[in-house]
Every structure is written in structure tokens, then in C-alpha cells.
Amino acid sequence: MEVEVVEGTTMVGWVVSGVAFWWTAFLLARGAFPKRSYDFYNRAVSAAHAAAAVSLACLSVADWSRPLSPLAAASSPPQMKALAVTLSYMVYDAACCYLNDDVRVDNTVHHLVSIVGIAAGLAYRRCGTEMVASLFVTEISSPLLHLREILKEFGIKDTDLNLLVDILFAVIFSVARMGFGPYLTYVTVTADNPILIKAMATGLQLVSAYWFLRILRMVRHKLGKKRPAPKVAGD
């Protein structure tokens, strides 16, 4: 079956309009909640992107009986649109972090790997199946990640709700990125994909492993705080 070709100008238009959309969403959030922090506005936009990315990734699957098929094949228009939306968000988020003086090594590597990898996939017009699956795996836990910080912004801290959100986030992140992630990296690297796509898939998995270790420490700390203090003799 012949796959419809998406013109380069169309893809550029998707990305440019996407960047404008995310900045507009940021400004709307700022207008709706004028007393909140810069981080709150950005996380609200990030949560909206995560929901959109997961939805578009699901809608781009042609056959749910074989969601990872075909591999190393031409990308379909729905796959390319899903990737273009996330590329536009990554460009917005990188700029947002820079303007907020929140430039860290881990975030910079994450943005670089994501932007280069997605841009390469769009330029090659190939491996849409693998890249959209990666998009789903990386974004499925993001709404809970941002909800954690949004709750703190509203003054909800150290409650059972916070702990529940933390645990759900850790479980979904771990299953997606350290369960399905390595397998997805394996099929991407072993398929007939361009070397740059293989390198970006490997880099993204390494970033996921780094964050996985940090999340394990966070959960251990949270659970430790919930343990009752030992009784002192004589009490």
C-alpha cells in the first residue's frame, strides 16, 4: 500500500504553528492564574502536551493487533503529525527553560536528544512506528509528573494524595520506560533504521535509566517519611 507523502513545507508549518500554540497556552495559563509561578504555567502546558501526545500516538496506530508493525517503514501522515506536535513542544519547552534560567545538564541532554531525534525522523520520513511508540512510552507518565508539582503549588504537600500520585507516577514510569523501553530500543536498533535514529533511541533509553534511578531514590525517601517513628523506651 502506498503511503501518502507529507510535504516538507507542511511539516515545517505544523512545527511553527505548534510552537506558537504552546506559547499561547502558556500566556493563557498565566492570565487565568496570575498569582502562580512560572513553573506552574509551564507544567500546565506540559501536562496538556502529554495528553495530546499520547492521544495522537494512539490515533496513529493503524492496526492494534500489531502496534509495532511495520518497522523501519515510511511514516504515515498521522505519525508525522504526532511527531511534529511533540517537536514543537520540545522547542517551546527548551526556550521556556532558558528564559527561566533553568538550564541543567539533564534537561539539556533530554531536549537535545528529543529535538534531534524527532527532527531526523521527520526529515527521513521513516521509522514512524518506532518513534510514535517511543513518544507514547515517554509521555504516558508525564501527566502525573506535572500533577506532583502542581499539587505542591496549591499547598498540598506530604499528604496521602501526594504519596499516591508519586507511587502511580513511579510505577507507570518504570513499567513504560524500563519495561517496554528497552524492548523498543532493541527493535529500533536492530531494524534497518538510519544510524542517527538508532543513536537517538539509545540515548533516550540512557536518559530514561538515569531518571529511573532518581525516581527510585525519591520513592524510597517518600516511603521512609511515612514510616512511624520508633518508640523510645519509657514512653
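**Salt bridges and helix packing in the predicted model**

Glutamate 149 is partly exposed, with a relative accessibility of 22%; in this scheme, buried residues lie under 20% relative accessible area, exposed residues over 50%, and partly exposed residues in between (1.4 Å probe, protein chains only). The structure is a predicted model, in which local features need pLDDT of at least 70 and side-chain atom pairs count only at pLDDT 80 or more, whereas totals for chains, interfaces and linings use all residues. Residues are numbered from 1 along each chain as its sequence is written, and side-chain values use heavy atoms, with hydrogens and water left out.

Side chains of opposite charge can pair when their charged atoms come close. A salt bridge is defined here as a side-chain nitrogen of Lys or Arg within 4 Å of a carboxyl oxygen of Asp or Glu, and 8 salt bridges are counted by this rule. In one of these, glutamate 149 is paired with arginine 148, the closest N and O atoms being 3.5 Å apart. Arginine 148 is buried, at 10% relative accessible area. Aspartate 106 is buried at 13% relative accessibility, while arginine 104 is partly exposed at 35%.

A further salt bridge links arginine 66 to aspartate 63, with 3.7 Å between the closest N and O atoms. Arginine 66 is exposed, having a relative accessible area of 52%, and aspartate 63 is partly exposed at 31%.

Two packed helices are described by the angle between their axes and the distance between the axes. Helix H2 (residues 38–59) packs with helix H5 (residues 128–139) at an angle of about 145°, and the axes are 9 Å apart. Axes are lines fitted to C-alpha atoms, for helices over the stretch in contact, and angles run from 0 to 180 degrees between N-to-C directions. Helices (H or I, at least four residues) and strands (E, at least two) are DSSP runs, numbered from the N terminus. The contact (heavy atoms within 4.5 Å) brings residues of H2, including His49, Ala53 and Cys58, to Val132, Leu135, Phe136 and Glu139 of H5.

According to an unreviewed UniProt entry, residues 35–224 carry the annotation "domain: TLC"; such annotations may be inferred rather than shown by experiment. This span is 79% helix and 0% strand, and its end C-alpha atoms lie 33 Å apart.
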